[in-house]
Amino acid sequence: AVILLTELIRENFRNSKLKQCFLPALGELLYLMAREEEKGEHPREGWAVPSAAYTVLMRCLREGEDRIVNHLAAKIIENVCTTRACQAQGFITGEIGPVLWYLFTHSTVDSLKITAVSALCRITRSSPGVFQSVIEKVGLTAVLNSLANGICKIQQCMLTMFSAMLSSGIHPQRLIQEKDFVTTFFRLLESPSTFIRAKAFLVLLQVLIHNREMLLLSCQARLVMYIERDSRKTTPGKEQQGGSEYLSKCLDLLIYHIVQELPGILGDILSALRNVSGRKHPSTAQAKQLKMCLPMMPVVLHLVTSQVFRAQIVTKEFLFSYGTLLEFIRSIDSGETNLDRAIGQAASEELIKTALLTFEAVTEHPSLLTVHHLTVEDCILPPLVSLVHSQNVEWRLFSLRLLSETTSLLLSHEAVAEERGESLNFSSKLLSLIREMLLPQYEHILMAPDPVPLYALKLLVALTEHSPAFVRWFYLVFVLFSQGHQDSILGNTMQTLIALLNNIVANKSTNMMLLFKEGLAHHLCNLLTEAVALYLDADDKSSTKPASALLLSLLDILQCVLVYTTNVVRQTLQAQKSGTGGDTEAAEDLLRVNEPLTDLISLLIQLLPSEDTEIFVSASQCLSLLVQLYGGNSQESMSLESMDSFAQVLKSKKDARQLKLLLRIVKRLVS
């Protein structure tokens, strides 16, 4: 039948109407033979297709032929080549690719365009070299331009052919190094079609498999953003659900490959830096290696900042390698290693900045640090401490901020673990490192321009909360007072300073007399005067809340100071009554040095009518302690304004204990 139909078509080749009648029958027979051959159920030697049939069909595809005949011939090839049977192999010739491409590009009918490119796609699946021959004949630009065609089916076929050719490994090497080639597929990631985006991801996967360096260009072209967007996208509808499932599988393949590539990228960077470590003048070969490997560092940053990749790449091994990288960064920053001659100063600084930004991205997700806390402590924090001493102000600030945030996080994690009965014991080395390498230089750090003191103070707050041993460095607080720090009392630096002061005075091991000799009472008066003024002048709740929190912290400090003073005086009086002596002179010196605190009596009275219960309680307790120690020495304590405040609060309070406390304060003031 096939031979008969072939002969009829050949004999009547000039008669288009007859060809239109015979070609569908020939196509059906060829497809039936191919399908049965593929199934292997009824293998028959007589099913071999004569070469004349292939020749006739090729002639039907050529230029000048009737478009319906072109379409029928292309459809036969498309159908037969959906199978893997030997009948399909007969269409794989040197001219089939260019002929179908010509038909695709020169047809004005969309259905014929789709059939031609679909037939070419089916053939490429069996023989990727066919598509390569098309690229070599018409040029890559012409092939890529066809992707701009808005017909989804055509774009799918083109992407499938590119993916098949790249995965076969027969592509020209220049193809995967061509930036325009790669960026073309990023435009398709904006397609509304799930299948188009999925196939574009597959093509990019094949590019990255054959050329790792293209990962940098891909990240710069927002590949990570596209992956994140489609990873979280859920589309309703049965047809779209199928597309989403296919897209998900394509993304999984791409994500897995990128995750597997990262250790190699980081390893190449470390290898390049290791080869020049300690050298001032890298060799030509070393400089070439640096120029090839170091520009890949932003890839690490892109992946660490991605929610899709972060959890998969930030492992113990990654943090260990990152710690090694920081050691090289320290060597570069200190001048032990000089990369300026090899890659230039700008590239060297960019490497340091990117490395620090990478760890900053990790610190924004505490669970990653706490899970690998031992690796962070052993490998990352030591070089980070060294970078705090950098001569570069930007690196010094960056490193100090990262060190402060990481230390606070690890110490608080240990405190929580201890509350649960877990014993981590990972902080001893960290604390020793800070004590020996950082704190001796802290006075110089605190005197640096803002915002360096802020992060230095945050680190001290975390240390004093965790370990009483660090309270002995209290004098560092007064470094900022002594240089007259100009930050607003509601500024971050002053608020952190107050938090640190609170930790110090609340610690039982603190030598309070040394604090008093440093002028604690004077500084506390100034801070409270400013804080009370801010609190009383606040017009709205948004400004009242921060002023209120600050005021409560300062009142807590004042109460600690007054409780300590009261206890010393009480113990001295009790010793005198019992006849055991007592250091009267020390108690008198303590009262004398804290006498400036009496200036706060009138301010505390103004706080009594406050609607904030916490402020009333703190202010009344501090006022009670002050008047017990010093009486009504302040002339303003019984002014008309103070009397109005007492009258107002006595009218508003109903609690008997609070009223008794207030009346005792008034009695002490007037006695």
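This is a predicted model: local features need pLDDT of at least 70, side-chain atom pairs count only at pLDDT 80 or more; totals for chains, interfaces and linings use all residues.
**Figure 1. Edge-to-face pair of Phe 181 and Phe 185.** The rings of Phe 181 and Phe 185 form an edge-to-face aromatic pair, with 5.0 Å centre to centre and 80 degrees between the planes. Both residues belong to helix H11 (residues 179-188), where they are four residues apart, about one turn of the helix. An α-helix has 3.6 residues a turn, so residues three or four places apart point the same way. Phe 181 and Phe 185 are both buried. Together with Phe 131 and Phe 162, they form one aromatic cluster.

**Figure 2. Stacked pair of Tyr 322 and Phe 359.** Tyr 322 and Phe 359 form a stacked aromatic pair, with 5.7 Å centre to centre and 20 degrees between the planes. This pair links distant parts of the chain: Tyr 322 lies in helix H19 (residues 316-334) and Phe 359 in helix H21 (residues 345-363), 37 residues apart. Tyr 322 has a relative accessible area of 2% and is therefore buried. Phe 359 also counts as buried, at 1% relative accessibility.

**Figure 3. Helix H19 and the residue that follows it.** Helix H19 has 19 residues and reaches 27 Å from its first C-alpha to its last, close to the 27 Å expected at 1.5 Å a residue. Its buried residues include the aromatic residues Phe 318, Tyr 322 and Phe 328. Also buried in H19 are Leu 319, Leu 325, Leu 326, Ile 329 and Ile 332, along with Gly 323 and Ser 331. Gly 335 follows H19 and has a positive phi, near 95 degrees.

**Figure 4. Tyr 442 in the largest nonpolar core.** The largest nonpolar core has 229 residues, and Phe 162 and Tyr 442 are those with the most contacts inside it. Helix H15 (residues 238-276) contributes the largest share of this core, 15 residues. Leaving aside residues up to four places away in sequence, Tyr 442 touches Leu 400, Tyr 455, Ala 456, Leu 457, Leu 459, Leu 460 and Leu 476. Tyr 455, one of the residues that Tyr 442 touches, has the charged end of Arg 401 over its ring, 6.0 Å from the ring centre.

Figure 5. Ala 116 lies in helix H7 (residues 110-126). At 0% relative accessibility, Ala 116 counts as buried. Not counting residues up to four places away in sequence, Ala 116 touches Ala 74, Leu 100, Leu 103 and Phe 104. Lys 113 lies over the face of Phe 104, at 5.4 Å from the ring centre. Ala 48 is 68 residues from Ala 116 in sequence, and the C-alpha atoms of these two residues are 25 Å apart in space.

Figure 6. Arg 197 is placed in helix H12 (residues 194-210). With a relative accessible area of 4%, Arg 197 is below the 20% cut-off and is therefore buried. Beyond residues up to four places away in sequence, Arg 197 touches the charged residues Arg 229, Asp 230 and Lys 233. Leu 188, Leu 189, Ser 191, Pro 192 and Leu 247 are also touched by Arg 197.

**Figure 7. Positive phi at Arg 222.** Arg 222 is found in the loop between helix H13 (214-220) and helix H14 (223-232). Most residues other than glycine have a negative phi. Arg 222, a residue other than glycine, has a positive phi, near 70 degrees. Its relative accessible area is 44%, so Arg 222 is partly exposed.

**Figure 8. The whole chain as context for the close-up views.** The protein has 37 helices and zero strands. Its radius of gyration is 40 Å, well over the 26 Å that the globule rule gives for 671 residues, so the protein is more spread out than a compact globule. Along the principal axes, the C-alpha atoms fill a box of roughly 135 × 65 × 45 Å. Of the 671 residues, 50% count as buried. Among contacts with a separation of 6 or more, 73% are accounted for by residues 24 or more positions apart.

Conventions. Residues are numbered from 1 along each chain as its sequence is written. Side-chain values use heavy atoms; hydrogens and water are left out. A nonpolar core is a set of buried Ala, Val, Leu, Ile, Met, Phe, Trp, Tyr and Cys residues joined through side-chain atoms within 4.5 Å. Buried means under 20% relative accessible area, exposed over 50%, partly exposed in between (1.4 Å probe, protein chains only). Helices (H or I, at least four residues) and strands (E, at least two) are DSSP runs, numbered from the N terminus. Contact means heavy atoms within 4.5 Å. Rings of Phe, Tyr and Trp (its six-membered ring) pair if their centres lie within 6.5 Å; planes under 30 degrees apart count as stacked, over 60 as edge-to-face and the rest as tilted. A charge sits over a ring if NZ of Lys or CZ of Arg is within 6 Å of the ring centre and within 35 degrees of the ring normal. The expected span of a helix is 1.5 Å times one less than its number of residues. The radius of gyration is taken over C-alpha atoms; the globule rule is 2.2 Å times the number of residues to the power 0.38.
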